[in-house]
Amino acid sequence: KYRLFPEYYDLTIKSEVDRPLWDLSSSERVGQKFFQIPFISFIYERGYRQNFQNFGFPGVEKEFEEADKLFTSLNATGIVMDLSCASGFMTRKYIKSNRYS
């Protein structure tokens with residue numbers, strides 16, 4: 001959970017989340033909870049993610065606009081599942097737009 005956003009949408013598979021720590025590989029231990037660590041999310045959203053623009057990505061606002069335009073053109077407003085590997089910043093943008101749930 002985030003201080004500014006007290007709720008998040010956890011789409012993980014329950015049986016995977018409930019696996020005991022000793023049953024997970026090293027990469028699974030890091031991967032499942034990595035972006036739920038507030039410090040990691042902070043670094044990703046306010047530094048690391050901005051470097052994507054150096055490699056040709058248009059930036060968060062433009063990416064959201066492009067996706068929103070695509071969904072609108074397909075008449076696909078309503079439920080959207082954000083499957084990106086990150087801290088949930090795009091999910092929060094979808095929710096704030098009040099066009100998706």
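**Exercise 1. Work out how helix 4 and helix 5 are oriented to each other.**

Start with the geometry: helix 4 (residues 60-73) and helix 5 (residues 89-96) pack at about 55°, and their axes lie 11 Å apart. Axes here are lines fitted to C-alpha atoms, for helices over the stretch in contact, with angles from 0 to 180 degrees between N-to-C directions. Helices are DSSP runs (H or I, at least four residues), numbered from the N terminus.

Next, the classes: under 35 degrees is roughly parallel, over 145 roughly antiparallel, 65 to 115 roughly perpendicular, and the rest oblique. Helix 4 and helix 5 are therefore oblique to each other.

Last, the hand: helix 4 passes helix 5 in a right-handed crossing, that is, the near helix is turned clockwise from the far one by less than a right angle.

A word on the source: this is a predicted model, where local features need pLDDT of at least 70, side-chain atom pairs count only at pLDDT 80 or more, and totals for chains, interfaces and linings use all residues. Residues are numbered from 1 along each chain as its sequence is written, and side-chain values use heavy atoms, leaving out hydrogens and water.

**Exercise 2. Find which residues of helix 4 and helix 5 meet, and sort them.**

On the helix 4 side, look for Val 60, Glu 61, Glu 63, Phe 64, Ala 67 and Phe 71; their partners in helix 5 are Phe 89, Met 90, Lys 93 and Tyr 94. Contact means heavy atoms within 4.5 Å.

Now sort them: seven are nonpolar, none polar and three charged. Ala, Val, Leu, Ile, Met, Phe, Trp, Tyr, Cys and Pro count as nonpolar, Asp, Glu, Lys and Arg as charged, and the others, Gly among them, as polar.

**Exercise 3. Decide whether Glu 63 is buried or exposed, and list its contacts.**

Glu 63 sits in helix 4. Its relative accessible area is 19%, so Glu 63 is buried (buried is under 20%, exposed over 50%, partly exposed in between, with a 1.4 Å probe and protein chains only).

Skip neighbours within four places in sequence, and Glu 63 touches Arg 49, Phe 57, Pro 58 and Met 90.

**Exercise 4. Locate the buried side of helix 3.**

In helix 3 (residues 38-48), pick out the buried Ser 41, Tyr 44 and Glu 45. They span an arc of only 85° around the axis, so they're on the same side of helix 3; the arc is taken from the directions from the helix axis to the C-beta atoms.

Helix 5 is among what covers the buried residues of helix 3.

Methods: Helix = DSSP H or I, 4+ residues; strand = E, 2+ residues; numbered from the N terminus.
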